[in-house]
Amino acid sequence: MAADRTAEGAVATATAAATGAAAPRRRPLQPHGRATPYLLAAPALLLYGAFLLFPLARAVQYSLYDFDGLTVGTFVGLDNYVAVVADEGLRQAFGHALVLVLFFSVIPVVVGLALAALLTRAPVRGLPAFRTVVFLPQVIAMVVVAVAWRRIYAPDGPLNTALRAVGLDGLARTWLGDFGTALPAVGLIGTWVSTGLATVLLMAGMARVPRELYEASSLDGAGPVRQLVAITLPSVRPEMAVALVLTTITALKTFDLVYVTTGGGPGTSTTVPSYEVYRRAFELGQVGSAAAVGVVLTVLVLLVTVVVTRVVDPSRRDER
């Protein structure tokens, strides 16, 4: 039918052109109704509601109960949240998560900024290959990364072997079993993983900065540092915001890395909120308490995301 209508329209147009008459005006497509956009979005909304909103609502519901996951729970109101705030171990876990933000987010963005500035401005051969190597940790499963680094940090692993080989025997230790080095050792793994993402994002942002700006600033006597502060940093603020948000979320919800490398130990020196959710829900049978920790962690992630976005890229606030 559509083909017939198209042919009829073509014939009418050709006839009008041949006879000199005005071509019939084609009627614009009419919407089928106001419900059409909602019908088109309905499948995606159903999936979103079923796999995100419904579990989130159930988690909030469970957090209001003293519930072990098997028997009927008892409504306790906000007692689980009060216990979360009063528990010193949980406060330490949230503190550990904030320390991991430094390693997963701040350090990778600073290192990525330096690498991106160097690779963008300097003529580097094999740049695509280098970019692939830097980004490679992002595509490796975190469990694989954790197993590999656990071997590197082992007492007889490559790191301690290298230290002994250069005469630094005093620095060799059980990195993941030492109270003082376990958390930084886990954090450095996150730094290695996140640096590639930050570098690639910042390189993409720097690539759209006009070369004329750097050439004009050079004529005015600006050096590389001045150009970085006055031109590059303001230009890549959106990319910095994206990198900080993504890596911060990764740091706050880290579970698999801690579970495989240290299991929260030694003691509780590497325990983080996401690991505490797993431990309380599946080891201690405290589903209600675990749900409360998960809800608090979700709220913390949202708050940090909003703050980072507004501080690093204030233009988004102005756009609203």
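Helices here are DSSP runs of H or I with at least four residues, and strands are E runs of at least two, with numbering from the N terminus. The model is a predicted one: local features need pLDDT of at least 70, side-chain atom pairs count only at pLDDT 80 or more, and totals for chains, interfaces and linings use all residues. Residues are numbered from 1 along each chain as its sequence is written, and side-chain values use heavy atoms, with hydrogens and water left out.

Salt bridges make a handy way in. Side chains of opposite charge can pair when their charged atoms come close. A salt bridge is taken as a side-chain nitrogen of Lys or Arg within 4 Å of a carboxyl oxygen of Asp or Glu, and the structure holds 6 of them. Two of these sit in helix α13, which covers residues 273-283. There, R279 and E276 pair up through their side chains, with N to O at 2.6 Å. The two are 3 residues apart, about one turn of the helix. E276 also forms a salt bridge with R280, where the closest N and O atoms are 3.0 Å apart. E276 and R280 are 4 residues apart in α13, so about one helical turn separates them.

R279, in contrast, is partly exposed at 27%.

Another salt bridge joins E239 and R208, with N to O at 3.0 Å. E239 lies in helix α11 (residues 237-252) and R208 in the loop between α8 (182-207) and α9 (211-219), so the pair ties together parts that are 31 residues apart in sequence. E239 is buried at 15% relative accessibility, while R208 is partly exposed at 47%.

The expected span of a helix is 1.5 Å times one less than its number of residues. Helix α2 (residues 36-62) has 27 residues and reaches 37 Å from first C-alpha to last, close to the expected 39 Å. It bends by about 45° at A42, and a proline, P43, follows within four residues. Helix α8 has 26 residues and spans 38 Å between its end C-alpha atoms, close to the expected 38 Å. The bend in α8 is about 35°, at S194. Most of α8 is covered, with 19 of its 26 residues buried.

On a 1 Å grid over the protein atoms alone, a pocket is an open set of points with protein on both sides within 12 Å along at least five of seven lines, and lining residues have an atom within 4 Å of a point. Grid points are joined across faces, edges and corners, and a volume is the space filled by probe spheres set on the points. The second largest pocket has about 280 Å³ of space. It is lined by 13 residues, and the closest to its centre are L56, G294, V295, L297 and T298. Both α2 and α14 (287-312) supply at least two lining residues each, and α14 gives the most, with 7. The lining divides into 10 nonpolar, 2 polar and 1 charged residues. In this count, Ala, Val, Leu, Ile, Met, Phe, Trp, Tyr, Cys and Pro are nonpolar, Asp, Glu, Lys and Arg are charged, and the others, Gly among them, are polar.

V301, in helix α14, is buried with a relative accessible area of 16%. V301 and L252 are 49 residues apart in sequence, with their C-alpha atoms 7.0 Å apart in space. Back in helix α13, F282 is exposed at 66% relative accessibility.

Technical notes: Buried means under 20% relative accessible area, exposed over 50%, partly exposed in between (1.4 Å probe, protein chains only). The bend at a residue is the angle between axes fitted to the seven residues ending there and the seven starting there. On a 1 Å grid over the protein atoms alone, a cavity is a set of points where a 1.4 Å probe fits but cannot get out, and a pocket is an open set with protein on both sides within 12 Å along at least five of seven lines; lining residues have an atom within 4 Å of a point.
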